[in-house]
Structure formats: structure tokens, C-alpha cells
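Work through the exercises below with the model open. Each task is followed by a solution in steps.

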Amino acid sequence: MVEKRISFGRDRLPLIASLLLWISCLGMGMQLSSCTPNTQHAYYIDPEAGNDANSGRSAEEAWQSLEKVKDISLAPGEQLLLKRGTTLNGQLEVCAKGTADKPVVIGSYGDNKLPKPCIVGNDTSLYAVHIFNSEHLIMRDLEIVNTGKQALPLRTGLKIECKDYGVSHNIRIDGLTIRDVNGSLVKQLGGGSGIYIVNEGAKVKSCFDSLVIENCHILRCARNAMIWKGYHDRRNWYPSKHTVIRGNLIEEVPGDGIVPIGCDSTLIEYNVMRNCPDVLPMTEAAAGFWPWSCDNTTIQFNHVSGHKAPWDAQAYDCDYNCTNTVIQYNYSHDNYGGLVLICDAGKERTYSLGNQHSTVRYNISIGDGIRPKPTRQGMFSPGIHIAGRVEDTRIERNIIHANAKPGKDIDRSMVVSDNWDGYAARTTFSQNIFYAAEPSCFDLTQSTGNVFNGNWHLGDYASLPDDPEQKTDCPVYDELILSVDKDGYGGLEKLMKQHTVCGVKFLFVDKESIENFFGLLQ
């Protein structure tokens, strides 16, 4: 495809032609970065050849610094464009109010073969880019760095904030690289993140509607990749809605990967988290992708591996004050923790509905639970951990393939349902494949109302739950999976497909393949 160059300078296309070009590009499925519509107004920044005394209205009249952006409020259809191949020091402060048909666009200009423009925060900056009280905004194709001489609590790369504003609609973050953010490694001190999403307000309750974060590469950010701060208290409930987190690659992040807080109807799909460094203090708990104080979250078609948090370190989690969470069609492997944590502290009921109606289905876990050192409860890393007063959880048609552990003291539990100021009630396990290469066990402690129905328990177990339809062998699993390799990686790949995330191919659970596989077992 030959890219079309459009001038934003003196030789502007008419507005009608510009809109037709935009529609044509979308119709052809072209990337917006390769086919950008001309508008009546655009601002340019070139830190090398620009001058803050210029008008900023063309590439030839570009500004030099990010400081000039503080003086403008971007209106419908306007663009702010940073020159490719350059580094801009300081903080980009954005206030933009587009409309549904005329969004504000913040991106890049110049030779597409050059690197994205890179914004580097100051030594003490809590953020390098700040989107504040904005809506109908697209930000794409930028690189963001925020490294100070010392780690700072709450330091982030990109902060998206809505405060005393009302509802902020349709913010889309696309194709950013956010790297090297040195926030605090300690959660109680405020942590740190690649992206920090905040909605709050004492005068005017504020939230996001249809926030999209996709195709971003988050690299070497401490403590977390993406985390929210919202209305978590059910007595003061005003959730952000219809958030989509899709196609992001998270690497070398030691803490939490994606954590929506105070949200409703969030979709988290086709994201990858891998290669998490083992650097968190021993006090810290973290996991891959999980909601906290959220309703109707769907976590599907994700891939998490190599999580090494001192505590938890599961690939997926459904946590405090969450209802109707669905965790499905995800891949988890080689994590210190297991596939999933379902939890809620029993005493925390003043602001919380508890953890209710979680569903975990059609996920694949291979070689998880390999924590090599003691945690708060010793060498603890079951394949599935249910903690505290969670209610009406359904765990069905998952494959937990527990390989031989690298050390004799490593936990080999398959399922543990234990105390956290209370015990789980009414958990149903249906038609799951539990494969243990070494002796394992189920420890349901004092949880109540557990129902096991038609599960496969493959291997040697010290104890098994009461399951009137349980099976202790599975010829289909032997033939299709274990005959390929006992470790399960090669055989279970048959139930997956490759999908490209940020230019890298990864395996994801294939919905049709895994459903057909379980159909063969009936």
C-alpha cells in the first residue's frame, strides 16, 4: 500500500474532501495513522526546528515546546501533531473536547519510517502526559517515558483524569509505547503505573463512558501496567462504563497488569503480560488481569505468563466487591501462582456487595504454581485459589495441566478454598480437567455448598471431593494431548491459534477448538 501524504500547512484540502477521505480510509480498513484527514485547524510541535513564537498552525510554523499546549483547549476536529523522530522533554497537558463526528486527534506527523515522537517527563514528574476533563479524543502513535532519579509513588506515564466533570465520553488510546516509569514498588505507598485512569469529584460525580485502550506496548513500568482509581464504595457508586482494553503487550512489569476499579461492563481481551521481574518486596501481592469493585467484567482471550509476585501471582483474579465477572478462553502458563484467584474478605461489607456470581470457564493453565520461595503462607501456589466469602462461583470446563514442579517444597495443590475472614459458599466445579503430574490434593477447608459434577481427576490425589460423575482417566486427553508431550505445551497448542499483539505473535485459546474438544469428551 502506498501511503498518502496530506499537508496540514497552507495548501489545505477543502473540508468536504477531507471528510470524504476519512470515510474512504475507514472503508478500506486503512490505519488512521496512514490516512489522516485534513482539518481546518491543526497545531504542530517540532522540538528541533520549531519556535514558540510561531503560530503553530503548520509544519513550517511549528512550536518548539510542549508548554504551548497548556494555552489551548482543543476543539472539535482539531489536531495536535508532534514530529516523528524527535524527543520532547516536559509534560504534555491535554484538555480536549471533540464531538462524536469530529473527534480531537493527538498524534504524529512526518516520515512514518521514523520513530514515534517521544515525550520524556521531568525528573520529578508524576506523569509525562495528562489528559484532563476531555472527551471524544483520539491519542495515538506516541512514545512516553517517565524516569526520575528516584522512584516516586503514583508516578505514571499517561494519566487520564476526569474530575468534577460529569461523563467523559469516547476517549481512545491507540498504539502508544509507554516505558521506563519508575514508580514505587509498594502498593500502600501509591505504587506506580504505565497508565493511570482516575475518575472522581466531590462537587460533580465523574466517570468515563467508552474509554478504549488498545495496541499499546507497556514496558518496564513499576509497579503496574494499567490501574484505575474510581468510585469503589457501593454507598457512593458511579462507575465508568463500557471500557475496552484490547491488544496491549505488557512486558517486564513486576506488579499488576490490568486492574479496573469502580467500573461496569469492562471488556479485557487479547492482551499479553509476560516476563515479570521478581523485584517486588516480600510484602507485595499482585496478579495479571483482574477487576476490583466492578460489575459485569469480561476477561477473555488473554495470555499471561511469567508472573513472579511474592504473593498471589495468578494470571487472572476476580476480587473484592465484584459481581458477574466472566473469565473465559484465557491462557496461563509458568506463573508463580495458579490460573485464577477468586476472593473477598468476609469482614469488608460496609462498602461492598462481596464477590458474587463469578464464572471461570474454558481457560487453559499449563505449568503454573511454581513459586520457588516462601510467602505469607509458606510455599503456597494452588492451581485455583478461592479465598474468603465468595458466593455462587461457577468453575467449568477448564484445563489445569500441572506439570512436575522444579523443587520438592513447592506447593502441589490443585484447588484450595480457604479462610479470609470467612469461607466461600456454593462453588460449582463442572467438567474440568485436572491433570497432576505429581501427587496433588483438593483442600476445601470449611467452605460450604461445594458441588463437583463430572470432572476429570487425572493423576494421583491425596484426597478427592465428592463427585458422583467423576472420572479418573481420559483416553481422549491421553491420545490428543499427552501423546504429543507430557508437559502439555505442544498438545494443548491444538486448542489455540496465533494472534499478533503489537507486532509479536502469541498463542491464544481458540473458542471453537476448546469447545469442540470438550464436546469430544462427552
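**Exercise 1.** Which side chain of opposite charge is nearest to Asp467, and how far away is it?

*Solution.* The model is predicted: local features need pLDDT of at least 70, side-chain atom pairs count only at pLDDT 80 or more, and totals for chains, interfaces and linings use all residues. Residues are numbered from 1 along each chain as its sequence is written, and side-chain values use heavy atoms, with hydrogens and water left out.

Step 1. Locate Asp467 in the loop between strand E46 (456-458) and helix H2 (475-482). Helices (H or I, at least four residues) and strands (E, at least two) are DSSP runs, numbered from the N terminus.

Step 2. Search for the opposite charge, with Lys and Arg counted as positive, Asp and Glu as negative, and His and the chain ends not counted. The nearest such side chain is Lys471, 7.0 Å away.

Step 3. Apply the salt-bridge criterion (a side-chain nitrogen of Lys or Arg within 4 Å of a carboxyl oxygen of Asp or Glu). Asp467 has no salt bridge, yet is buried. Buried means under 20% relative accessible area, exposed over 50%, partly exposed in between (1.4 Å probe, protein chains only).

**Exercise 2.** List what surrounds Asp467 beyond its sequence neighbours.

*Solution.* Step 1. Not counting residues up to four places away in sequence, Asp467 touches Phe452, Asn453, Gly454, Asn455 and His457; contact means heavy atoms within 4.5 Å.

Step 2. Look for backbone nitrogens beside polar atoms of the Asp467 side chain. That of Gly454 lies 3.0 Å from one such atom, and that of Asn455 also lies 3.0 Å from one.

**Exercise 3.** Which residues of helix H4 are buried?

*Solution.* Step 1. In H4 (residues 511-520), the buried residues are Ile514, Phe517 and Phe518.

Step 2. Viewed down the axis, these buried residues fall within an arc of 95°, so they line one face of the helix. The arc is taken over directions from the helix axis to the C-beta atoms.

Step 3. Glu512 and Leu520 are exposed on the face turned away from the buried side.

Step 4. The cover over the buried residues includes strand E36 (364-366), strand E40 (399-402), H2 and strand E48 (504-509).

**Exercise 4.** Is Cys263 buried or exposed?

*Solution.* Step 1. Find Cys263 in strand E23 (residues 263-264).

Step 2. Its relative accessible area is 0%, so Cys263 is buried.

Step 3. Its contacts beyond four places in sequence include Trp228, Trp237 and Cys294. Trp237 is 26 residues from Cys263 in sequence and 9.6 Å away, C-alpha to C-alpha.

Notes
A polar contact is a pair of N or O atoms within 3.5 Å; within protein, one must be able to donate a hydrogen and the other to accept it, and residues adjacent in sequence count only if both atoms are side-chain atoms.
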